[in-house]
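Have the structure open while you read.

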Amino acid sequence: QVQLVESGGRLVQAGGSLRLSCAASGLTFRSYSMGWFRQAPTKEREFVAGISWTGSITYNDDSVKGRFTISRDNAKNTVYLQMNSLKPEDTAVYYCAASSRTVVIPDTMGYWGQGTQVTVSS
């Protein structure tokens, strides 16, 4: 019954901002590390940001370029991705995922959401 539900994706103009949310249920949220990934058609899934259950944060520096911020609210069982200064190349389906491990990497994520579409127009 584990479920991850992303929300917040939409069409936005370049330079705009979005905050993505991922609501988790069916797991002990505070014991799980959470990550954000993205994938565009014909491209490989790309790591964006992760936050461990201990609070340690990592980013894909080449992708986010200091524009994105990941955070979590354990009281709400929710992880967020604040995205500022959006660019057309940020267009992708954004997925959140959960892992019982400390290090957030794609192959260790046990649960995945359905994704939310982010489209950035130029």
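This is a predicted model: local features need pLDDT of at least 70, side-chain atom pairs count only at pLDDT 80 or more; totals for chains, interfaces and linings use all residues.

A quick term before we start: a residue counts as buried under 20% relative accessible area, as exposed over 50%, and as partly exposed in between.

Now for the aromatics. The structure holds two aromatic pairs, listed here:

| Pair | Centre to centre | Angle between planes | Geometry |
|---|---|---|---|
| Phe37 and Phe47 | 5.6 Å | 65° | edge-to-face |
| Phe37 and Trp112 | 4.8 Å | 50° | tilted |

Together, these ring pairs link Phe37, Phe47 and Trp112 into a cluster. Phe37 is in strand 4 and Phe47 in strand 5, 10 residues apart. Trp112 belongs to strand 10 (residues 111–112), so its pairing with Phe37 in strand 4 ties together parts that are 75 residues apart in sequence. Is Phe37 buried or exposed? It's buried, at a relative accessible area of 0%, and Phe47 is buried too, at 18%.

On to the cores. The largest nonpolar core has 28 residues, and Met34, Trp36, Leu81, Met83 and Tyr94 have the most contacts inside it. Strands that each supply at least two residues to this core include strand 4 (33–39), strand 8 (78–83) and strand 9 (92–99). Leaving aside residues up to four places away in sequence, Met83 touches several others, among them Leu18, Leu20, Phe68, Tyr94 and Val118. A second, separate core has five residues, including Phe37, Ala97, Val104 and Met109.

How values were computed
Residues are numbered from 1 along each chain as its sequence is written. Side-chain values use heavy atoms; hydrogens and water are left out. A nonpolar core is a set of buried Ala, Val, Leu, Ile, Met, Phe, Trp, Tyr and Cys residues joined through side-chain atoms within 4.5 Å. Buried means under 20% relative accessible area, exposed over 50%, partly exposed in between (1.4 Å probe, protein chains only). Helices (H or I, at least four residues) and strands (E, at least two) are DSSP runs, numbered from the N terminus. Contact means heavy atoms within 4.5 Å. Rings of Phe, Tyr and Trp (its six-membered ring) pair if their centres lie within 6.5 Å; planes under 30 degrees apart count as stacked, over 60 as edge-to-face and the rest as tilted.
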